[in-house]
Amino acid sequence: MTQVSGQPRSTEEDGVPTGRQASTDHVGSDHVRVLRLRHVVSPEDHGSDHHLLLLPPGDHDLPATLDVLEAVSIQLAVLHRVARTTTGNERLRLPRQPARPVGTALARYWASAAAHARAAAALPGVEAGSIVRTTAEESLAAATIATFELAPVDAGLTEAPLAVRRAVAFMEEHAGAPITITDVAAAAHMSVRGLQSAFRRALGSTPLEYLRSYRLRSAHADLVAADPSRGDSVAAIATRWGLMHAGRFSQRYRERFGESPMTTLHR
């Protein structure tokens with residue numbers, strides 16, 4: 001079964017000229033939909049301001065000034081599988097309302113991944129479930145997770161004590177800085193030993209293990225969105241996230257994501 005589908009569409013062909021009247025888009029409970037839109041302010045306006053919008057499951061009203069140029073549906077099962085493979089946690093932070101990309105570079109990356117998925121689906125003789133189709137679909141799912149920041153939810157974080165949540169917020173905010181366990185404990189208003197015990201009870205890990213994992217995930221997201229032709233490099237991204245030891249970073253990255261940072265950068 002094809003798990004990712006999408007094609008350019010004319011709203012007139014669909015019988016819903018969204019550039020002229022408001023419409024409602026229903027998204028089933030088993031997938032999300034990404035729309036490529038343009039603003040249309042008059043019947044003569046062809047619109048040049050294209051942008052992306054992710055629709056979570058449910059009904060969503062589209063304003064009359066938006067014209068849908070393309071719709072891509074991605075099964076939640078694919079998103080969960082990719083999240084589990086890359087982070088070990090399949091629970092995604094899905095928005096309740098339509099969401100926009102977190103950055104223009106990621107939006108361009110998503111568009112490229114969508115074009116690749118469409119091209120793979122259109123290849124003659126390549127069936128659904130083939131390695132070509134599956135790889136393209138999973139790449140698009142990974143791009144969707146990064147572009148719309150559908151970061152996996154830490155399983156125990158929402159129920160964790162306030163001190164643990166304070167520590168997590170501090171570490172994520174200062175992940176690129178050379179912070180120590182003493183700094184984290186001070187931000188949580190706890191002793192080092194008390195914070196370590198609280199983390200083990202709530203999350204099954206230590207604060208520094210959480211920080212290391214967050215840094216790796218953040219570096220991975222930046223590498224996925226990076227463009228070597230603009231000067232982006234593994235070293236610069238690793239440094240940005242406080243991963244100063246190149247050899248150790250490369251080893252842990254390969255163990256976590258199944259490939260080297262350089263491979264991700266140039267994919």
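Predicted model: local features only at pLDDT ≥ 70, side-chain atom pairs only at ≥ 80, totals over all residues.

User: What makes the link between Ser-73 and Arg-33 a polar contact?

Analyst: The side chains of Ser-73 and Arg-33 are joined at 3.3 Å, and the cut-off is 3.5 Å. Ser-73 itself sits in strand E6, which covers residues 66-75.

User: Why is Ser-73 called buried?

Analyst: Buried means under 20% relative accessible area. Ser-73 has 17%, so the label buried applies. Across the protein, 43% of the 267 residues count as buried.

User: What makes the nonpolar surface patch of about 280 Å²?

Analyst: Leu-123, Ile-131 and Val-132 make it.

User: Now the rings. Why is the pair of Tyr-214 and Trp-241 called edge-to-face?

Analyst: A pair of aromatic rings is described by the distance of the centres and the angle of the planes. Ring centres must lie within 6.5 Å to pair, and planes over 60 degrees apart count as edge-to-face. By this rule the protein has four aromatic pairs. For Tyr-214 and Trp-241 the centres are 6.2 Å apart and the planes are at 80°, so this pair is edge-to-face.

User: How do you know that this pair ties together parts that are 27 residues apart in sequence?

Analyst: Tyr-214 lies in helix H7 (residues 207-225), while Trp-241 is in the loop between helix H8 (234-240) and helix H9 (246-257), so the pair ties together parts 27 residues apart in sequence. Both Tyr-214 and Trp-241 are buried.

User: Why is the pair of Tyr-253 and Phe-257 called tilted instead?

Analyst: Stacked needs planes under 30 degrees apart and edge-to-face needs over 60, with the rest counted as tilted. Tyr-253 and Phe-257 have 50° between the planes and 4.7 Å centre to centre, and the pair is tilted. These two residues are four apart in helix H9, so about one helical turn separates them. Both Tyr-253 and Phe-257 are buried.

User: Which residues do ring pairs link into a cluster?

Analyst: Phe-249, Tyr-253 and Phe-257.

Key: Residues numbered from 1 in each chain as written. Heavy atoms only, no water. Phe/Tyr/Trp six-rings, centres within 6.5 Å; stacked < 30°, edge-to-face > 60°. Buried < 20%, exposed > 50% of the residue type's maximum accessible area, 1.4 Å probe, protein only. Patch = residues over 30% accessible without salt bridge, like charges linked within 9 Å, V, L, I, M, F, W, Y side chains within 5 Å. Areas by Shrake-Rupley, 256 points an atom, 1.4 Å probe, with all protein chains shown as cover. Salt bridge = Lys/Arg side-chain N within 4 Å of Asp/Glu carboxyl O. Polar contact = N/O pair within 3.5 Å; in protein donor to acceptor, adjacent residues only side chain to side chain.
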